[in-house]
Amino acid sequence: MEAREDEAEGADILMVKPALPSLDIIRLLKDQTLLPIGACQVSGEYSMIKAAGLLKMIDEEKVIMESLICLRRAGADLILTYFALQAATILCGENKKFSFN
């Protein structure tokens, strides 16, 4: 209902945050509007992944990329993330550890 009100008021984009816990909402919005859908990874999502990476509990790069891919698959047209520079570095092939295969 809130998204419909935003759209009626002339919104150019619908932003959802926090992003990862809201994948279902991103998909619902994508299916119900022609507006672009934005997803914003909040600092808590960033901190959770960084802490687990530092403690070697996860492969940080793979989890970063999987979190971004999940948002895109859910329907996000754009993603705001603290991982932007790190993800761009991975995507540009400057770090050979991560593979999409």
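Predicted model: local features only at pLDDT ≥ 70, side-chain atom pairs only at ≥ 80, totals over all residues.

Colleague: What makes both faces of β2 count as covered?

Modeller: Ile37 and Ala39 on one side of β2, and Gly38 and Cys40 on the other, are all buried. Buried means under 20% relative accessible area, exposed over 50%, and partly exposed in between, with a 1.4 Å probe and protein chains only. Residues are numbered from 1 along each chain as its sequence is written, and side-chain values use heavy atoms, with hydrogens and water left out.

Colleague: How do you know that β1 and β2 are joined, and in which direction do they run?

Modeller: Two strands pair if DSSP finds at least two bridges between them. β1 and β2 are joined by 3 bridges, so they meet that criterion, and they run parallel. Opposite Ile37 in β2 stands Leu14.

Colleague: Why is Gln41 called buried?

Modeller: Its relative accessible area is 2%, which is under the 20% limit, so Gln41 is buried. Gln41 lies in the loop between β2 and α3 (43-54). Leaving aside neighbours within four places in sequence, Gln41 is in contact (heavy atoms within 4.5 Å) with residues including Ala19, Leu71, Tyr82 and Phe83.

Colleague: Why is Lys56 called exposed, and Lys62 partly exposed?

Modeller: Lys56 has 72% relative accessibility, over the 50% limit, and therefore counts as exposed. Lys62 has a relative accessible area of 45%, which falls between 20% and 50%, so the term is partly exposed. Lys62 belongs to helix α4, whereas Lys56 is in the loop between α3 and α4. The phi of Lys56 is near 60°, a positive value in a residue other than glycine.

Colleague: What makes the set that contains Leu14 and Ile37 a nonpolar core?

Modeller: A nonpolar core is a set of buried Ala, Val, Leu, Ile, Met, Phe, Trp, Tyr and Cys residues joined through side-chain atoms within 4.5 Å. The largest one has 12 residues, among them Ala3, Leu14, Val16, Ile37 and Ala74. At least two residues of this core come from each of β1 (14-16), α2 (23-32), β2 (37-40) and α4 (60-74). Apart from it lies another core of 7 residues, including Ile49, Met65, Ala87 and Ile90.

Colleague: What lines the largest pocket, and how do its residues divide into nonpolar, polar and charged?

Modeller: A pocket, on a 1 Å grid over the protein atoms alone, is an open set of points where a 1.4 Å probe fits, with protein on both sides within 12 Å along at least five of seven lines; lining residues have an atom within 4 Å of a point. Among the lining residues are Met1, Arg4, Asp6, Met15 and Gln32. The lining divides into 6 nonpolar, 2 polar and 4 charged residues; Ala, Val, Leu, Ile, Met, Phe, Trp, Tyr, Cys and Pro count as nonpolar, Asp, Glu, Lys and Arg as charged, and the others, Gly among them, as polar. The largest share, 5 residues, comes from α1.

Definitions and conventions. Helix = DSSP H or I, 4+ residues; strand = E, 2+ residues; numbered from the N terminus.
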